[in-house]
Amino acid sequence: MRILVVASALFLAAVSSAFAQAAPSIDVTHAWARATAAAGENGAVYMMISNHGTADDRLMGASTTVAAKTELHITLNENGVMKMRPIADVAVKAGGSAEFKPGGMHVMLLGLKQPLKAGDSFPLTLTFEKAGAVKIMVMVEKAGAAAPGSMPGMKM
Ligand SMILES: [Cu+2]
């Protein structure tokens, strides 16, 4: 009986410390970008961000060595015209996810230093409010891959 009491006390301690350490657990899958024709062009990164943790988190920005600048963008249909707008951050709630896909949210790569070639991959660092820096590799897929139509707003 005494052993059982000790065991339940330990269990309670473990549970309460798990709650005290509520933390996001970020998982990024299928990060990809479409191939581009020339350096100096812009590109876009798509991916699925999942938060398997117990605390909400927020994507604050991204950085990569392959482009002069990166921004978080969303593509919006404004009266039939597709337009891109910068967004400050993207919430990823505990147990939730945020999908970056053509026609929606993307990480904009402004001023590519070299063309993105199909089959290549490049590193991208995502900065989260709580999880901090999350480094991922982005696969380059051939132009037009998995693209529901072209993105007229893509050229800036
Ligand atoms: Cu964009």
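## Met 47 in strand β2

Met 47 belongs to strand β2, which covers residues 43-51; strands here are DSSP runs of E with at least two residues, helices are runs of H or I with at least four residues, and both are numbered from the N terminus. Because 22 C-beta neighbours lie inside 10 Å, Met 47 counts as buried. The term buried is used for a residue with 20 or more other C-beta atoms within 10 Å of its own, exposed for one with 12 or fewer, and partly exposed for one in between, with the C-beta atoms placed from the backbone.

Apart from its neighbours within four places in sequence, Met 47 is in contact with Val 28, Thr 29, His 30, Ala 31 and Phe 100, where contact requires that the C-beta atoms of two residues, placed from the backbone, lie within 7 Å. Phe 100, in β7, also stands opposite Met 47. Glu 99 is 52 residues from Met 47 in sequence, yet the C-alpha atoms of the two are 6.2 Å apart in space.

## The model and its confidence

This is a predicted model, in which local features need pLDDT of at least 70 and side-chain atom pairs count only at pLDDT 80 or more, while totals for chains, interfaces and linings use all residues. Residues are numbered from 1 along each chain as its sequence is written.

The mean pLDDT of the protein is 85, and 79% of its residues reach 70 or more, pLDDT being the predictor's confidence in each residue on a scale from 0 to 100. Among the elements, strand β7 (residues 97-100) has the highest mean pLDDT, 98, whereas helix α1 (residues 2-20) has the lowest, 55. Over residues 147-156 the pLDDT is below 50, and in the model this stretch has 16 contacts beyond near neighbours in sequence.

## Overall arrangement

The protein has one helix and ten strands, and from the N terminus on its elements run α-β-β-β-β-β-β-β-β-β-β. Of its 156 residues, 24% count as buried. Among the contacts with a separation of 6 or more, 73% are accounted for by residues 24 or more positions apart.

## Strand β2 and its partners

Strand β2 is mostly covered, with seven of its nine residues buried. It pairs with β1 in the antiparallel sense over six bridges, where pairing means that DSSP finds at least two bridges between two strands. In this pairing, Ile 26 stands opposite Asn 51 in β2.

Strand β2 is also joined to β7 by four bridges, and these two strands run antiparallel. Three bridges join β2 to β8, again in an antiparallel arrangement, and here Val 45 has Val 107 in β8 as its bridge partner.

## The nonpolar core

The largest nonpolar core has 26 residues, and those with the most contacts inside it are Ala 44, Val 45, Val 107, Leu 109, Leu 124 and Val 138. Such a core is a set of buried Ala, Val, Leu, Ile, Met, Phe, Trp, Tyr and Cys residues joined through C-beta atoms within 7 Å. Two or more residues each come from β1 (26-34), β2, β4, β8 (105-112), β9 (121-128) and β10 (132-141), and β2 gives the most, with five residues.

Val 107 lies in strand β8 and is buried, because 26 other C-beta atoms are found within 10 Å. Leaving aside neighbours within four places in sequence, Val 107 is in contact with Ala 44, Val 45, Ala 62, Thr 70, Leu 72, Phe 100 and Leu 124. Pro 86 is 21 residues from Val 107 in sequence and 9.5 Å from it in space, C-alpha to C-alpha.

Strand β4 (residues 67-78) pairs with β5 in the antiparallel sense over six bridges, and the two form a hairpin with two residues between them. Glu 78 has Val 81 in β5 as its bridge partner. Strand β5 (residues 81-86) is hardly covered, since the count of buried residues among its six residues is zero.

Asn 79 lies in the loop between β4 and β5 and has a positive phi of about 50° although it is not a glycine. Asn 79 counts as exposed because it has 5 C-beta neighbours inside 10 Å. His 30, another residue other than glycine, has a positive phi near 45°, but its place is in strand β1. His 30 is partly exposed, with 13 other C-beta atoms within 10 Å.
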